[in-house]
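Dear colleague,

Here is the structure we discussed, with the sequence alongside. My notes on what was found follow below.

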Amino acid sequence: MENRNKILVLDDDVDWLALCRDLLSTLPSKPEIYTANSARRALTIIETEKIRLLICDLKMPRIDGLQMLAIVRRRFPELRTIVLSALEDEEFRSRAYALGVDLFWLKTEMQRNSKLFNECLESLLGQADREGDTGFRGIQSKSLMDIIQMECLSRSSTVLRITRGPLVAKLWIQDGEMFDAECEGARGEVAFQRLLAWKSGSFENLPAEPRHERTIQKSVNALLLESAQTLDENAGASTAASAEPLESLNHRKTIWKLSQLTREGADFILAVPPEGQGEPDAIGTQSIASTAHWTRKADEIAHRLGDKLEAGPLSHVSGQNLERQVILLSRGDKTFLVGWPTDATGNLPEKTRKLVASWDS
Amino acid sequence: MGFLKRLFGGLAAVQQLPAGTITVDRDGRIIASTVSSAYPKNLLQTIAKDVLELLREARASQMPLAEVSLHFGSLRITARELRGGAIIFLLPQTALLPTPNSPRP
C-alpha cells in the first residue's frame, strides 16, 4: 500500500471532487486519491502526505489556482501538477504553463476524453516514479545537450523555456543558431554554460522571438563543446573513479564529430563497417539501418561493375535527389556515406574525403 | 623481334571502355544505344542491370535517387532515373578531360 501513488485533487466544487474521485479510482495503477476544496487544506495535505500529483482548478475563492501553483512550484518543486479548468482562455493556459505545470486540461475535454486523460495521468505518475533519473520531462533520458542539438540540427526557431524547480532559464534559438541564453541571473555564454550543468527539469517550446537581441556569436557546436569540456573537468575533479568520465568522453566525441559535420556543411555522415563486424555509426540521420543497407549494397555493386568493366579503382559514388546529394566512398575497411544539401557547392568528393578522414582519425 | 610477342602476346588483352549513352527500360532491356557496336553487348547489359539495381535499392531504402554516378579511375557512369528505367551516360576519363578544378576557358 505504501508504494501506491498519491493524487490530490483541489477544487471548490464538492460534486466535481466526488466525480474526480470516481474517475481516478479506475486508473490501472490504483492511486490513493485525496481531495481538498480549499488551497489551505490542499497545502496541509501536501505537507503531511507524500503527494505525487496535484490536480488543481484555476477559479477558486481566496487563493486561486494560479497562486496555488506558484506556491507549490516554489515549495514542492518535485510535485507534478495538472490544471483542470472550465476556463477556455488561452491566457490562463499560457500563464499556467509559465508556472511550470505539466498539463492543462479543460474539464469538458476531460469528461469527453477520459481515457486519454487517464493515460496522461498514468504517464505522469510513471515519470514521477523515475524521479531519480536524469533527463528532461517531455523527452525522457535525453540531456539538455541532446535537446539543443535536436533543435539546432532541425534549424528551428524557438524559445526554449527550461524549468528546474523554482529556477527558470531561457534559450533563444533562431534558424538553428543560438542567439541568447538567460539563466540564474546571467546572460549569454555564461548563462548557457550554467544551464548545461542542469541534469533534470522540464522544458517547453515558446514561439520564436526573431527580434530578440543576439548576445551569443559562437556556433552552437563550439558552445556545446566548451560546455562539455567544462562539465568534464568538473566531473573529473569531483568523481575521478566513477563511470561518468567514459560517458562524458563519448558525449564529447559525439559533439566533436557533430561540429566537424556542421563545419563542413554536411547533413549527415554514416560509417558502415563490413557485414558482421559491428554496427554502423551515424550522426545526422535517423534511418541508419536502411541507409547502411543501401551503402553496403551500392559499394558492392560499384566494385563488382568496376572489376567487370576494368574501369580502374572506384573513386566514389555520388547520387542526388530533390532533397540532397550523397557521396559514398571507402576508407580502410569501412564504407562512408555523406549527405550534403542540394545547394552545397565546391568540390564535394574532396570535401567528403576530408570529412571522412577527420571522422575516422 | 617476335620475342616480346611470344612472351606476352596471349596475356595483354586490353578491354575497350564504353563511350556513349544507353537507355534502358524498367526491366533492364536496352532500348537505345549510341555505344560502339564493337563493345560487347553482355557488358552493356551488365551495366544496365547493375545501375537499375542501384537505383532500385535506393528506393527500397527510403532514399530514392534521381541521379547516380559511379566514378572509376578511367570511367564515369552517370545514370538518370526515368520512370523505373534509366538513361546511362558512359564517359571514359582521359587526361584531356577537364577536371572539376580546372579553370574555365
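This is a predicted model: local features need pLDDT of at least 70, side-chain atom pairs count only at pLDDT 80 or more; totals for chains, interfaces and linings use all residues.

**Helix H8 of chain A**

In helix H8 of chain A, which spans residues 188–196, the buried residues are A:Ala191, A:Phe192, A:Leu195 and A:Leu196. These residues lie on the same side of H8(A), because the arc they cover around the axis is only 130 degrees.

**Chain A as a whole**

Chain A contains 12 helices and 16 strands. It has 361 residues, of which 32% count as buried. Taking the contacts in chain A with a separation of 6 or more, 57% are between residues 24 or more positions apart.

**The contact between chains A and B**

Chain A puts 28 residues into the contact and chain B puts in 27 residues. On the side of chain A that touches chain B, helix H11 (288–309) and strand S14 (314–320) each supply at least two residues. H11(A) gives the most to that side, with 13 residues. By type, the residues on this side of chain A are 11 nonpolar, 13 polar and 4 charged.

Strand pairing also runs from one chain to the other: S14(A) pairs with strand S3 of chain B (residues 67–72) in the antiparallel sense, over 6 bridges. Within S3(B), B:Glu67 is the bridge partner of A:Gln320.

Regards

Notes. Residues are numbered from 1 along each chain as its sequence is written. Chains are lettered from A and ligands numbered from 1 in the order in which they are written. Two residues are in contact if their C-beta atoms, placed from the backbone, lie within 7 Å. Helices (H or I, at least four residues) and strands (E, at least two) are DSSP runs, numbered from the N terminus. Ala, Val, Leu, Ile, Met, Phe, Trp, Tyr, Cys and Pro count as nonpolar, Asp, Glu, Lys and Arg as charged, and the others, Gly among them, as polar. Two strands pair if DSSP finds at least two bridges between them. A residue is buried if 20 or more other C-beta atoms lie within 10 Å of its own, exposed if 12 or fewer, and partly exposed in between; C-beta atoms are placed from the backbone. The arc is that of the directions from the helix axis to the C-beta atoms.
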